[in-house]
Amino acid sequence: MTAPLTTPSARGVASGDGVPFPTRRDVWELRWAPRWQRDGVLNLKSCELRHPTASRLVRAAADRLTPDDLTCYPYQQALLADLRDHHGHEPSGILLTAGSDSAVGLVVDALAAGGAGLILHEPTFESWRYYAALRAVPVVGCAALDAGAARLDVSRLHSTMADHPPAVVVVTNPGSPSGLLLSPEQIAETAEAARRAGHLLVIDECYGAFTGVTHVPLVASAPHLLVVCSYSKTFGLAGARVASVLGSPALVAYLSRFRPDSTVSATALALLRAVLRERDAFAEVWRDVRAIRSAFVRDVLAGHPGWSALDPGGNYVTFRTGDRAVPGRMTRHLDDHDVRVRPLDGIPGLEGCLRVSLADAPAMRRVAALMRDVR
Ligand SMILES: Cc1ncc(COP(=O)(O)O)c(C=O)c1O
């Protein structure tokens, strides 16, 4: 019998010595590890949607799968029509991808590689830098946060954009992992600054459902804009791997040449179609996640009055603890109690920060109680 794989180290080969073919040294140098988790752990690190109603709705969607959803190739037209109603955007401007992580890789390949490069409003989702490194795409990072700040700055981003040749500019709104929100005015100014300088602007709104924010309506008057939407968090489909990129029909036609349609499974399409029919019930889930977040923040700050929460967040809370040692200490303490969270201390602008994603209300009361133990 084969021993069960208990740690990721079995695939931790770190050089091409064992590969009888030339491989790229710069690729070996990228930090990569497979997703891995101990049994019985409550994962509050990855911002999956953990809510009892969402689980029930996803379960019901899975029960409705048919053999065709497994035996036939994926046909997207019915889902694209449903997404038109959901996003208020024409199907020819919607590109489905196998999660927004792969949308990031696609945008880097299709638009940033070959000379344009990336301008990132940071801190942001780490996959942007990862895929850029994989394709040797140059990256300019613009700090969105001063140490200790509770608001996002766009002035550095705008001055970089003004001086830089046309590039792909990326902002995430609501910000992740910061949890802070760019105002509609800041977004409008950024879109205008991008248009003036000939940049393509990508807005990742992965957590928009939890704050009622969407940038999709802007696309109609901004052919240089792409909006990335993930259904992992919004509809609890992180395991199904399905997301979309919304833009002008011309941009989407160009991106389609990279064939993401062949990587989104018929099963994922069917699940997304089914949960879209439950949009009102999910809207109730998003509201409840906000209520769970408020109660959790209250509980945690009652035990740590010197901390603050970066609002509005998403289905997660980023705490500023004011002490660079606390995030690591707290992460280890919670890990000892089978709860996994994300220390953010190493990220510029988020020194002393810790991110906790949300589960149901009783679980979050338990986590808040555990967090009282660490000073
Ligand atoms: C800001 C942001 N964008 C994109 C993603 C990727 O989501 P997915 O690939 O599940 O759609 C994440 C995941 O945590 C994220 O935090």
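In the predicted model described here, an open sheet is built from 7 strands in the order S2-S8-S7-S6-S5-S3-S4, with mixed pairing. Strands and helices are DSSP runs numbered from the N terminus, a strand (E) having at least two residues and a helix (H or I) at least four, and two strands pair if DSSP finds at least two bridges between them. Strand S2 (94-97) and strand S4 (139-143) stand at the edges with a single partner strand each, so that one side of each is left without a neighbour in the sheet. On average, neighbouring strands of this sheet are turned by 20 degrees against each other, direction ignored. Local features need pLDDT of at least 70 and side-chain atom pairs count only at pLDDT 80 or more, whereas totals for chains, interfaces and linings use all residues. Residues are numbered from 1 along each chain as its sequence is written.

Within the sheet, strand S5 (residues 168-172) and strand S6 (residues 200-204) run parallel and are joined by 5 bridges, with Val 170 standing opposite Val 202 in S6. Helix H11 (residues 249-256) packs on the sheet, where it touches S2, strand S7 (225-230) and strand S8 (243-246), and its direction makes about 30 degrees with that of S2. Helix H6 (residues 127-134) lies across strand S3 (118-122), S4 and S5, and runs at about 155 degrees to S3. Contact is assigned to two residues if their C-beta atoms, placed from the backbone, lie within 7 Å; axes are lines fitted to C-alpha atoms, for helices over the stretch in contact, and angles run from 0 to 180 degrees between N-to-C directions.

The domain assignment of the protein chain, which is automatic or taken from a database, gives domain 1 (42-52 + 280-371) and domain 2 (61-277). The centres of domain 1 and domain 2, taken over C-alpha atoms, are separated by 25 Å, and 24 residues of domain 1 are in contact with 24 residues of domain 2. On the side of domain 1 that touches domain 2, the elements giving two or more residues are H13, strand S9 (308-310) and strand S10 (316-320), and H13 gives the most, with 4 residues.

Asp 299 lies in helix H13 (residues 279-303). Not counting residues up to four places away in sequence, Asp 299 touches Arg 365 and Ala 368, while Asp 299 and Val 367, 68 residues apart in sequence, are 9.6 Å apart in space, C-alpha to C-alpha.
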